[in-house]
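Q: I have a model open and want to go over it with you. Please start with the cut-offs behind your wording.

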Amino acid sequence: MMALRRTLFAATLLALATATQGHAQFPTDPPAPLALRPLEFPPFQEARLDNGLTLLVVEDHRLPIVSIRLSMLTGSRDEPAGMEGLAGMAAELLTKGTARRTAEQIAQEIEGVGASLNASAGSDFFSIFTTVLTEHVELGFDLMSDVLLHPTFPESELELGRTRMLSALSLEKSDPGSLASRYMSESLYGEHPYGRQPAEESVQAMTQSAVADWAASSLKPAGGLLVLAGDVSLDEGRRLADRFLGSWTGNAPTPMYAEPPVAQPTEILLVHRPGSDQSNIRVGNLALRPGAGAYYGAVVANKILGGGTDARLFMILREQKSWTYGAYSGVTRPKDVGFFQANTEVRTPVTDSALVELLHQVRRMRTEAVPDSELVAAKGYLVGSFPLSIQTPQQIASQVANVRLLGLGEDYLRTYRQRLDAISVDDVMRAAQTVAKPDSAVIVVVGDGQAIYDKLTAVAPVRIIDINGASLSPDELTPKATALDFDISQIVSAHDSLQISAQGMPLGFLVRDVSRTNGSATYTEQLSIAALGMNQNLELTMELAPLTMGRVDQSVELRGQSAETHLVYDAGRVTGTAQSPDPTGEIKSLEIDTTLVAGTVDDNALTVLVAALPLAEGASFTLNVFESGEGALKPYTLTVSGIEEVTVPAGTFQAFRVESSGGAQPFVFYVSQDTPRRLVKIEIVGQPVAFELVNP
């Protein structure tokens, strides 16, 4: 044993000595990269079916898996005017029932073999796809052909889909990024189909027959593509396609499209979102069509400019300036003309500075040669990561389908890395000059127009709209609160219980009590959400004639934190202390001593006073509201956007839909038409949370 230990010890010393002697000879620079090897990609095999469908097989028997992807030459671009969103609805309902199977049966059969069956509608293509084990490939074809050829589009599923779409549109209004994306598309493409977006009116207009008629006329095989990737041969693929899709025939109609608008000198579209703490900024212009020679240079240029956390926009706007959590850019390539876009979201006070810097970085790409270090790093990342996108049969099927449908050429995937690797510094600059047009760009800024309008005018001409797309003048950015004639008879003694739910799941409760005595009223509130460890109690007093605030006493417990607010409204001032739990775990505390304008109301009183407004369809009111949590006076705008039938646990009500904006959090109040009016439901815009009346 000792001899063995001595031998090991001696060997170790010898190794250390050798390493020490050769230390000075260690290389100080990384080795040169090896030559780029050709991408090993299974060969395509192709057949043309009698119905005009092209079959592409990418044969690979390493795993017992087959990915099936059927793509048709139609999408949202072919939706009838006034029915925007119809293609997406058809995709959602396609797998929800056929003449032979219910939605449950379809789900059970495909999930029973460890797979899923999906449909999607893009702007240009409509696809149905699944990936199954080889032994279940016939089941995959059977289910795919069944939902394609015999869909029933059940009315019940249509209503669920409509509800989801309407909820998504409602959430969009609270999301600056979604608003910016919508208005960027509309501004770039105008009446071209890429610029048309779903709206509440188009979603409400959808009927079962409209969905069925669109699918029957648009989902046709001629010009379409069936891609099979994985453990399948061309002969087997042809046999399955003929068996399950051979009876499917026809051509989709070929609508005429409006051309996108001609580029104009750079203009800023300011989407006014009152009270927004941040601004979402997008700069874009129409750019490339499929097959454009500048595409490969544009991909590399985009990687350098804004293609990740190591790109210029991110490093400068976030790491150096600390203006944002992220800044990026991208180049799209649809069937028709695509667009270039750079985007970020920043704090409101630095909106103009961030926009100027973003434009500067775009211009640098056009006028300055990029350093070799950035070029090598960008190409290395793009070339090295590309194989990761074609590893699985699903990825291969998707990539092959996209390449063929866009007409990018048979050797596109095999030569993609070589073409990127060949891009030079001059190629990058030429591509940037071709793709990015900062002097004829569309700039969309979603934010608080009152805070940023004047600064933006120094950058470029500014046009203003609200979140619904209605034009605004600069004067309208500052809402002017006026003395309102509240209908005090609507404020009555009442006890109401509301359940709090998220996506239909109960979370807690809110108990509201109004006690009216002579010319005054006291409002108390008890809120509890056990899952958050949250309890809140509130008491607010007010005089009714004229309407003036009195005292506010509030206590909050949140996950072990306790906070209290005590305010007194008197003689045109509000004084006291306001505390609130902070997400960091600290208690935010404010000393309040603020002069108020006449008619100011406390934000906690809104749920009582909204029922006393002179509500009528289309009416709009601006109130001066004091937010105790922020210690600030803000103009809130309450707009009656319609009258809806609302069903809550307490029953079904015809209710005014009252949208609130201007505060830190927008709400939607549903107030019954019957008098005395009652608050029957509250929605928090941007969150799947609702408060619904329970007691009759």
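A: A residue is buried under 20% relative accessible area, exposed over 50% and partly exposed in between, using a 1.4 Å probe and protein chains only. This is a predicted model: local features need pLDDT of at least 70, side-chain atom pairs count only at pLDDT 80 or more, and totals for chains, interfaces and linings use all residues. Residues are numbered from 1 along each chain as its sequence is written, and side-chain values use heavy atoms, with hydrogens and water left out.

Q: OK. How many helices and strands are in the protein?

A: The protein has 18 helices and 28 strands. Both are DSSP runs numbered from the N terminus: helices are H or I with at least four residues, strands are E with at least two.

Q: And what does the C-alpha trace span along its principal axes?

A: About 90 × 75 × 75 Å. Of the 696 residues, 47% count as buried. The accessible surface comes to about 32,400 Å², with 53% of it belonging to carbon and sulfur atoms; the areas come from the Shrake-Rupley method with a 1.4 Å probe, and for residues only the protein chains shown count as cover.

Q: What share of the contacts is between residues 24 or more positions apart?

A: Such pairs make up 65% of the contacts with a separation of 6 or more. Contact means heavy atoms within 4.5 Å.

Q: Strands next. Which side chains of S17 point to which face?

A: S17 covers residues 534-544, and its side chains alternate.

Q: How many bridges join S16 to S17?

A: There are 10 bridges between S16 (residues 520-529) and S17, and the two run antiparallel. Two strands count as paired if DSSP finds at least two bridges between them. One of the bridge pairs is Thr524 with Glu539 in S17. The hairpin of S16 and S17 has four residues between the strands, and Gly533 in the turn has a positive phi of about 60°.

Q: Then what about S17 and S18?

A: S18 (residues 547-558) runs antiparallel to S17, joined by 10 bridges.

Q: Switching to Asp448. Where does Asp448 sit?

A: In the loop between strand S11 (442-447) and helix H17 (449-456). Asp448 is buried yet has no salt bridge, with Lys634 as the nearest side chain of opposite charge, 7.3 Å away. For charge, Lys and Arg count as positive and Asp and Glu as negative, with His and the chain ends not counted. A salt bridge is a side-chain nitrogen of Lys or Arg within 4 Å of a carboxyl oxygen of Asp or Glu.

Q: So what does the side chain of Asp448 reach?

A: The backbone nitrogen of Gln450, at 3.1 Å. Leaving out residues up to four places away in sequence, Asp448 touches His272, Arg273, Pro274, Gly275 and Ser276.

Q: Asp570: buried or exposed?

A: Asp570, in strand S19 (residues 561-570), is exposed, with a relative accessible area of 57%. Asp570 and Pro198 are 372 residues apart in sequence and 49 Å apart in space, C-alpha to C-alpha.

Q: Back to salt bridges. What is the count?

A: By this rule, 37 salt bridges. Among them, Arg363 and Asp439 meet at 3.0 Å, N to O. Arg363 is in helix H12 (residues 351-367) and Asp439 in the loop between helix H16 (425-435) and S11, so this pair links distant parts of the chain, 76 residues apart. Arg363 is partly exposed at 34% relative accessible area, and Asp439 counts as exposed at 56%.

Q: What about Glu410 and Arg404?

A: Their side chains meet in a salt bridge at 2.7 Å, N to O. Glu410 is partly exposed at 45%, and Arg404 is partly exposed at 24%.

Q: Which residue does Arg678 form a salt bridge with?

A: Asp496, with the closest N and O atoms 2.6 Å apart. Arg678 lies in the loop between strands S26 (667-672) and S27 (679-684) and Asp496 in strand S14 (residues 494-502), so the pair ties together parts that are 182 residues apart in sequence. Arg678 is partly exposed at 23% relative accessible area, whereas Asp496 is buried at 6%.

Q: And which residues do shared partners join into one network?

A: Arg100, Arg101, Glu109, Asp142 and Asp146, through salt bridges.

Notes:
A polar contact is a pair of N or O atoms within 3.5 Å; within protein, one must be able to donate a hydrogen and the other to accept it, and residues adjacent in sequence count only if both atoms are side-chain atoms.
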